[in-house]
Amino acid sequence: MQEKRASMLYKTIKAVVRLFYPKMEVEGRENLPDEPVIVAGNHAQMNGPIASELYYPGKICIWCAGEMMHLKDVSAYAFRDFWSRKPRCIRWFYKLLSYLIAPLSVCVFNNAHTIPVYHDTRLITTFRRTMDALQQGSSIIIFPEHDVPHTHVLCGFQDKFVDIARIYQGKTGRELAFVPMYIAPQLKKIYLGKPISFCSASPIEEERSRICEYLMAEITDIACSLPEHRIVPYNNVSKKYYPSNIAGEVFPYEEASR
């Protein structure tokens with residue numbers, strides 16, 4: 001996979017974002033193995049991709065929705081994924097906004113360190129590009145949450161990304177490691193937890209479950225161990241509904257989700 005040559009427009013956009021987006025410190029670098037890994041983190045809405053692109057250490061590629069890279073697909077995907085829960089009286093505004101951001105989205109996601117993720121026959125392209133990136137020394141950052149409740153910290157993980165490790169082991173003979181990542185925008189920090197390695201001797205279904213359960217538990221534990229702060233949830237809700245990292249405490253976000 002050849003290194004992308006970013007356009008001047010993208011470089012300008014990135015410079016402006018870096019100027020206004022809070023500086024994020026990375027803690028837990030010592031947990032990173034010397035070779036490429038798959039990093040799985042909480043999405044934190046757009047904070048996950050932005051913080052990773054700007055501040056994650058080392059050479060990376062970030063999985064992103066393929067729809068955000070194609071002009072004809074952006075508006076429908078963006079409205080459904082970001083703003084479909086907005087009050088009915090203002091949804092027209094976000095519908096318009098979803099069309100306005102389409103050209104910007106295509107520019108950003110096609111120039112950043114991204115790999116498009118598809119859920120049809122093009123999935124083979126996602127896996128091929130991911131393997132190329134790993135073999136060229138890039139770690140892969142994935143935000144596998146989807147709209148299924150799990151803990152007060154994050155939603156449940158989709159698990160098919162674990163299959164990358166089986167392909168990697170078959171090509172290289174090495175067991176790929178997965179690193180949990182917790183992004184805390186309010187604390188202005190990215191936390192990296194201890195890795196877990198894929199076991200090629202176990203059935204893939206067991207490995208999907210084992211690795212995802214470990215990653216979700218570690219991310220939750222990291223969040224709960226930190227000073228009190230508001231978590232940026234997966235769902236795009238008002239900030240007044242953001243939950244606290246303190247387990248067991250009921251917040252408006254939980255009430256609104258019932």
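Glu207 is buried, with 1% relative accessible area (buried means under 20%, exposed over 50%, partly exposed in between; 1.4 Å probe, protein chains only). Its salt-bridge partner is Arg210, with the closest N and O atoms 2.7 Å apart (a salt bridge is a side-chain nitrogen of Lys or Arg within 4 Å of a carboxyl oxygen of Asp or Glu). Arg210 is partly exposed, at 34%. Both residues lie in helix 8 (residues 204–225), 3 residues apart, about one turn of the helix.

The model is predicted: local features need pLDDT of at least 70, side-chain atom pairs count only at pLDDT 80 or more, and totals for chains, interfaces and linings use all residues. Residues are numbered from 1 along each chain as its sequence is written, and side-chain values use heavy atoms, with hydrogens and water left out.

The whole structure holds 9 salt bridges. One of them joins Arg122 and Asp120 at 3.0 Å, N to O. Arg122 is partly exposed at 37% relative accessibility, and Asp120 is partly exposed at 39%. Another salt bridge links Lys72 to Asp73 at 3.3 Å, N to O. Lys72 is exposed, with a relative accessible area of 71%.

The chain contains 9 helices and 10 strands (DSSP runs numbered from the N terminus: helices are H or I, at least four residues; strands are E, at least two). Of its 258 residues, 47% are buried. The C-alpha atoms fill a box of roughly 55 × 45 × 35 Å along the principal axes.
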